[in-house]
Structure formats: C-alpha cells, structure tokens
There are 2 protein chains.
Amino acid sequence: MTDTKSTGRRPTIRDVAAHAGVSTASASLVLRKAPGVSDETRQRVEDAMKELGYRPMASARGMRGKTFTLGVLVSDIQNPFFGMLLEGVAAAVADTGYEPLVGPAGSTRQTQSRMLEAMRDRQMDGLVLIAPHLREDDLDDVARQIPTVAVGRHGPAELFDTVAGDDARGSGLIVDHLVERGHRRITYVTHSGPDPDDDRRPEHVRERGYVEAMRAHGLDEFIDVVPAEWSLEGGRRAGALLRGRSEPPTAVHAGADIAAFGLMTELWSGGDRRPALVGYDNTPTAALPTVGLSSVDQAGFEMGRRAAELLLERLDGRTEPRHVVTTPELVVRASSTGPAD
Amino acid sequence: MTDTKSTGRRPTIRDVAAHAGVSTASASLVLRKAPGVSDETRQRVEDAMKELGYRPMASARGMRGKTFTLGVLVSDIQNPFFGMLLEGVAAAVADTGYEPLVGPAGSTRQTQSRMLEAMRDRQMDGLVLIAPHLREDDLDDVARQIPTVAVGRHGPAELFDTVAGDDARGSGLIVDHLVERGHRRITYVTHSGPDPDDDRRPEHVRERGYVEAMRAHGLDEFIDVVPAEWSLEGGRRAGALLRGRSEPPTAVHAGADIAAFGLMTELWSGGDRRPALVGYDNTPTAALPTVGLSSVDQAGFEMGRRAAELLLERLDGRTEPRHVVTTPELVVRASSTGPAD
DNA sequence: ACGTTCTTCTAGACCGTTCTAGTGGCATAA
DNA sequence: TTATGCCACTAGAACGGTCTAGAAGAACGT
C-alpha cells in the first residue's frame with residue numbers, strides 16, 4: 001500500500017489503470033479477458049485490481065457492454081416446483097460470471113409484462129421465463145432483443161428456446177394408473193390463468209393428454225375438466241365444488257401438487273383418503289410419509305439447469321432455437337392406491 | 001405519429017426532449033418528478049414520453065442517480081417461509097416505482113458475501129437481507145452505503161433496521177405446550193449454519209428461549225440441543241440420529257417446519273406419530289390435514305411487508321435505526337397432541 | 001429606472017465503463 | 001532501403017441518464 005490514494009470512494013477502472021501504469025482501455029481489455037494484451041501487462045493490471053479491491057460497476061458496464069445479469073421471471077415464488085427450478089438455474093450459472101436475479105412477477109398478464117419491462121430496462125443479458133403468462137407476440141418481441149429461454153412452455157418457437165416436460169405423456173401416465181386401479185370417474189383440474197387460449201401452456205397440454213388417455217380407455221363420457229387456479233386456495237375451491245356434486249369423481253388429476261394439496265385440505269378433511277389424488281411436479285411435500293401424494297416427477301432441478309445451459313449457449317452466440325422435452329415419471333404413493341369407489 | 005422518427009432503436013431522454021421541444025435537463029426533471037417545472041412543460045414532456053413509448057434505462061440512471069431496484073437476499077428459495085416473506089415484500093413495494101429482485105445466495109457465508117457484492121455492484125438502492133449469514137462487520141459495512149433491513153435477525157443494530165419474531169418467546173410457547181401435554185424429554189434441533197457464535201441469529205435466540213423454558217419447568221437435566229441444518233435433509237439426518245438413541249426424546253422442537261418435515265420422514269415412517277413434533281414458521285404444508293404439524297406462526301407475509309416498509313422509509317431519508325419485533329403464536333395440531341410416552 | 005428575488009429553463013460536465021480508430025514499434029518480405 | 005503486416009497499446013468519443021451553475025424572464029419593492 002505505497003501509492004494507493006485511499007480516498008473513501010470506490011476505485012474505478014481509471015484508478016486501476018493509473019496504479020498499473022497503463023491506459024484505461026488496456027485495463028478494460030484485461031477486465032473483459034479480451035485478447036490483445038501481453039501477459040506482462042495483464043498480470044500488472046490484475047495485481048492492481050486485487051490490490052485496490054476493484055470491482056466493476058455493473059451500471060456503467062451496462063451502458064455500453066453487458067451487465068452480466070440474468071433475469072429469471074417467475075410467477076409464484078410460493079410454488080415449490082419453481083423453487084426446484086431456480087436451484088437448477090443457480091447451479092448452472094454459478095461461476096460463469098453471470099448473476100441470476102429472480103423477479104417475482106405475479107400471475108396476471110399485466111404484472112408479468114411489467115416485470116418483463118423492468119428486466120429489459122435493467123439491461124439484463126439473458127432471460128429465463130418460467131411458465132410465463134405472456135402472449136407469443138410479447139415473447140417474440142423480447143426474444144428478438146434478449147436471449148431468452150422459456151421453461152414449462154411448449155415449443156416450437158423461432159426466437160427462443162424452450163424446456164418443457166412431456167406433459168401430454170405425464171397426463172397419460174396418471175390416467176393409465178388410475179384406470180388400472182379401477183377408477184373411471186376421473187376429473188382433471190386445470191389451471192385457470194389469464195391465457196385460456198394459449199395452447200402452449202402446460203395446463204392445456206396436460207388437458208389434451210388427459211382427454212386423449214380417457215378416450216383411449218373408452219371413458220369419453222367421464223371426461224370432466226374443472227378450472228381452478230393452481231394454488232393452495234384454488235385447489236381448495238375446486239375441492240369444495242367437487243364435494244358439492246351429487247356424483248363426485250373417485251379420482252382427481254390435480255394438475256399440480258400445490259393444487260392437490262388444496263384439494264386434499266377440502267376433500268380429505270374427514271379423515272377418509274378419498275377421492276384418489278394425483279399431483280404433478282413431485283414436490284418434496286408430496287413425498288412426506290404423512291402426505292404420500294402420487295405425483296408426476298419432472299425433475300425440476302434438471303429442467304432449471306438445462307434451461308440455464310441453453311441460455312448460456314445463446315449468450316455464447318447460438319441463434320437457432322432449441323427445444324428440450326423431458327420425460328416425466330409417475331411416482332405412485334398412497335394417495336392413489338386406496339379402494340376405487 | 002407525425003414527426004416521430006421511428007428508427008428501430010429505443011428512444012432516449014434526448015428523443016423525448018426533442019419531441020417535446022425542451023432540453024434534456026427539463027425532461028429529466030419531469031422523469032424524476034422533481035420540482036421546478038411548469039405544469040405546461042410537464043404535460044408536454046409526459047405526452048412525448050407516452051407517444052414515443054419511452055422507458056428510462058436503468059443502467060444509465062444508476063450511473064449518477066438511482067436504479068430503482070431493491071435487492072432481496074435470500075439463502076434458500078426452497079424454504080416456504082421465505083416465500084411468504086417475499087410475497088409481503090413484493091406487496092409493499094408494488095407501485096412505489098421500485099422493483100424488487102431476489103438474489104438466491106445459498107447458505108454459506110462465502111456465497112452470501114458474493115451475492116451481496118453482486119447487489120452492490122449493481123447499484124441497488126436498498127437491500128432486504130433475509131436471515132443473512134453474514135458477519136456484523138459486513139452488515140455494517142454494506143449498511144453504511146446502502147439502506148438495509150435485516151429480517152429474522154435480532155437487533156439492536158446501529159446502521160440498519162431489523163424485523164424479527166420474538167423467537168425466545170416462540171420457543172417458550174412450544175416448551176410450555178409440550179410440558180403441559182406431559183412431555184419431559186424434549187429435544188431442540190438447532191440450525192448448524194456457518195455462524196455458530198452469532199447470537200443474533202434466530203436459531204440461537206430460539207435455543208436460549210428453549211433452555212430458559214426448560215429450566216423454568218425444572219427440566220434442566222433433559223435439556224438437549226441437536227445441531228442439524230434447517231432443511232429437509234438436515235431434519236432427516238437429525239431424525240436418524242435421534243432414532244438411534246437408547247432413550248430418544250418423546251417430543252422434538254424442530255426449530256423450523258422444513259426441519260420438522262425431515263424429522264417426520266425419518267421418525268414417523270413406521271406409521272406411528274411419535275415422537276411429538278413441533279415446527280416453526282407455520283408454513284402452508286404444516287396446515288395440511290394429513291400433516292397437521294403444530295407450529296409457531298410468525299406471520300411471514302406481515303414481516304416481509306413490514307421490512308419493505310421500513311426500507312422505503314429509509315429510502316425516504318430516515319437514518320435512525322428501527323427494530324420491529326413481532327409476537328409469535330403457537331398453532332397446535334395433531335403432531336403434538338398424541339400420548340406423551 | 002433599478003435592484004432583488006423567484007421561478008423556469010438550459011448548456012454542458014459528469015458518472016464508469018466499452019469501443020473505435022488510431023499510433024508506434026517490430027519482424028518479415030521485396 | 002521501403003513496404004507490409006502484425007501486435008500491443010492508447011486517446012478520446014460514446015452510452016443515457018443526472019446534476020451543477022447559470023441564464024432569462026417575470027414580479028415586486030424602492
């Protein structure tokens with residue numbers, strides 16, 4: 001610490017350059033690990049950075065170059081499946097120099113758009129959109145400007161990548177299983193979000209899978225789709241509705257674990273574990289011994305990791321879209337193995 | 001759309017100024033809602049902004065002014081209690097012009113420091129730190145530069161605000177309840193994080209409350225503290241350890257719901273709901289009818305909202321610290337009302 | 001008429017980076 | 001010798017805002 005002018009303010013790249021006896025341009029080259037710097041100069045600059053405790057200011061970098069920030073747009077932090085996805089994203093991004101920041105966007109199209117704009121305003125280098133409630137146009141629009149990966153949204157898309165489970169198949173697994181256990185009156189609870197017509201959203205793909213599987217088993221007449229938000233409260237409401245029926249279903253494909261828990265609260269409160277319930281996502285709660293909720297596992301961590309990897313590839317220059325589809329697996333537990341009537 | 005030069009690039013404040021026929025300085029004043037602009041000029045500029053679809057670039061603002069971004073540092077997105085806190089924060093911040101972004105920081109001191117630095121680099125205007133694994137020095141250090149509120153960390157502190165539940169009292173409620181139900185061998189599972197000596201962290205305050213309550217009941221000889229990470233896996237490990245004992249406890253104060261679930265997985269797998277379990281945080285899962293975990297409710301949503309409000313006050317100029325302590329309530333469910341031996 | 005004060009507005013520096021368009025030096029080729 | 005190419009390096013503009021210092025004009029008192 002000989003010539004370090006230790007003023008209170010944060011050191012800038014100019015301080016580093018002066019300390020190392022080079023131009024700011026050279027210091028910038030070193031900072032960006034760009035070619036065109038001799039080993040000796042590089043070393044001197046790196047030493048200076050360390051000595052001064054220099055840290056680049058993201059705002060300033062964002063003005064011309066990159067911010068090294070990735071935005072992860074998520075509707076509902078409460079949903080544990082999203083938590084698993086996030087862990088995967090975080091794991092893949094660790095030590096790449098990029099920093100993931102999560103934007104809680106709510107589950108209306110308006111709040112999601114606002115968060116998306118906020119991320120754009122903040123010059124994020126890349127985006128991971130988790131089950132976004134956004135129109136295809138808006139997605140294309142943002143993807144034209146920022147490398148984007150959508151998770152839980154089905155492809156194909158020209159301008160961004162997607163990572164999604166094979167939801168039709170997942171629904172098929174559930175129906176097959178329930179039919180095998182002797183059920184016929186099987187209801188599917190779909191997510192009633194702001195996109196009732198967007199056939200790329202998981203709830204609709206799951207619905208198609210459900211309908212097809214029911215038909216394949218000759219159960220056309222029992223096809224029954226109930227709309228309810230995929231949340232604890234939504235599940236509860238759907239449960240109340242089903243319970244009020246004269247002929248309630250003997251089994252329910254809840255669409256998501258979180259909805260299954262709500263259904264459970266309402267339908268199983270008497271102590272009787274009926275109707276049979278199957279969730280989707282295989283969250284940790286489903287696996288608790290006292291819960292024992294059958295559920296479709298779609299490896300949230302892996303999906304998150306894969307999504308982040310795709311994004312990093314895009315940041316590296318890839319432009320042709322890629323669409324990853326993962327294969328779901330049914331995990332059978334006590335919630336669907338009781339008597340069928 | 002008469003004279004709008006609709007080039008492809010994003011409009012800047014200069015475009016707005018030109019369109020409105022004023023200087024960029026005036027446009028900036030309008031943007032910041034600063035005084036010193038006539039109503040007429042303000043109107044013209046606002047119209048121009050709307051017409052051009054202008055959105056300020058956060059990076060550029062960050063260079064001299066503010067970024068209007070708040071950082072929420074959180075260790076474990078998976079923990080549903082944190083999710084509840086986040087909802088509270090998001091609710092309080094909505095429509096203030098600030099945007100909350102969540103940084104998943106992991107649960108080691110190193111990863112948390114890195115995330116904190118990342119937030120500093122990004123010129124965040126304010127920080128909410130949720131149960132941070134950071135040294136008091138580091139906290140003071142950052143709080144000197146950025147308005148900061150710590151949640152789940154006990155005060156007093158000179159330089160930042162805190163919001164915390166009265167954890168000693170919460171532990172007392174649990175012990176009182178269990179003793180009343182006839183238990184004497186009551187174990188407390190503490191969080192074995194990277195801060196074994198930091199007596200302001202909740203796990204230590206809960207431990208003190210536990211020890212004091214046990215003493216008050218004359219149960220000194222049964223005081224038993226088991227360290228385990230407050231996570232599903234940590235709880236599981238603690239459960240395995242307790243089960244291996246010759247004289248296992250008849251009741252466990254798990255410290256946190258998420259740990260209680262892990263304990264449950266390991267200890268209740270036989271179907272027998274023993275030992276009695278009590279969690280902390282009253283997460284939605286605890287309330288499921290099949291789970292029925294007794295738990296201390298500390299109103300996560302309210303805590304998050306309160307924290308964000310304090311932060312907004314600080315951003316508004318307050319500098320003297322405030323420390324909010326909320327009163328916990330015990331919610332008794334089936335997990336702690338079985339027979340006591 | 002003049003000075004003072006207040007309000008509104010503006011030119012231009014500034015923030016900390018990146019990037020463009022060079023400069024200068026050295027090695028090699030003709 | 002000069003021309004050519006390459007490499008390491010740099011001055012200074014540029015990015016899109018904010019902010020300082022000061023100008024211009026209006027209102028008022030003397």
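This is a predicted model: local features need pLDDT of at least 70, side-chain atom pairs count only at pLDDT 80 or more; totals for chains, interfaces and linings use all residues.

Me: Let's begin with the DNA. Which residues come nearest to DNA strand D?

Reply: There are 25 residues around DNA strand D. Both protein chains are represented among the nearest ones, which are A:S23, A:M63, B:I13, B:S28 and B:G65.

Me: And which elements give two or more residues to that surface near DNA strand D?

Reply: The nearest residues included A:S23 and B:S28, among others. Counting by element, chain A brings two helices and chain B brings two. They are α2 (24-31) and α4 (58-64) of chain A, together with α2 (24-31) and α4 (58-64) of chain B.

Me: How many charged residues does the surface near DNA strand D have?

Reply: Sorted by class, this surface has 11 nonpolar and 10 polar residues. The charged ones number 4.

Me: Now the other strand. Which residues are closest to DNA strand C?

Reply: Around DNA strand C there are 26 residues. By class they split into 11 nonpolar, 10 polar and 5 charged. At least two residues each come from α1, α2 and α4 of chain A and from α2 and α4 of chain B. The closest residues are A:I13, A:S28, A:G65, B:S23 and B:M63.

Me: How are α1(A) and α3(A) oriented: parallel, antiparallel, perpendicular or oblique to each other?

Reply: Helix α1 (residues 13-20) and helix α3 (residues 39-52) of chain A pack with their axes 9 Å apart, at an angle of about 120°. Roughly perpendicular stops at 115 degrees and roughly antiparallel needs over 145. The two helices α1(A) and α3(A) are therefore oblique.

Me: Is the crossing of α1(A) and α3(A) left-handed or right-handed?

Reply: On the α1(A) side the contact uses A:D15, A:V16, A:H19 and A:A20, and in α3(A) they meet residues including A:R44, A:V45 and A:L52. By class the contact has 6 nonpolar, 1 polar and 3 charged residues. As for its hand, the crossing of these helices is right-handed.

Me: What is the average twist from one strand to the next in the chain B sheet?

Reply: Chain B has an open sheet of 6 strands in the order β7-β6-β8-β9-β10-β12, with mixed pairing. From one strand to the next, its twist averages 25°.

Me: Which residue in β12(B) is the bridge partner of B:S295?

Reply: Strand β10 (residues 294-297) of chain B pairs with β12(B) in the antiparallel sense, over 3 bridges. For B:S295, the bridge partner in β12(B) is B:V331.

Me: Helix α11 (residues 257-267) of chain B lies across several strands, but at what angle does it run to β9(B)?

Reply: The strands it lies across are β6 (186-190), β8 (251-253), β9 (276-280) and β10 of chain B. Relative to β9(B), helix α11(B) runs at about 155°.

Me: How do the two protein chains meet, and which element gives the largest share on the chain B side?

Reply: In this contact, 40 residues of chain B touch 40 residues of chain A. The chain B side divides into 22 nonpolar, 12 polar and 6 charged residues. Its largest share, 6 residues, comes from β2(B).

Technical notes:
Residues are numbered from 1 along each chain as its sequence is written. Chains are lettered from A and ligands numbered from 1 in the order in which they are written. A residue is near a molecule or strand if its C-beta atom, placed from the backbone, lies within 6 Å of it. Helices (H or I, at least four residues) and strands (E, at least two) are DSSP runs, numbered from the N terminus. Ala, Val, Leu, Ile, Met, Phe, Trp, Tyr, Cys and Pro count as nonpolar, Asp, Glu, Lys and Arg as charged, and the others, Gly among them, as polar. Axes are lines fitted to C-alpha atoms, for helices over the stretch in contact, and angles run from 0 to 180 degrees between N-to-C directions. Angles under 35 degrees count as roughly parallel, over 145 as roughly antiparallel, 65 to 115 as roughly perpendicular and the rest as oblique. A crossing is left-handed if the near helix is turned anticlockwise from the far one by less than a right angle, and right-handed if clockwise. Two residues are in contact if their C-beta atoms, placed from the backbone, lie within 7 Å. Two strands pair if DSSP finds at least two bridges between them.
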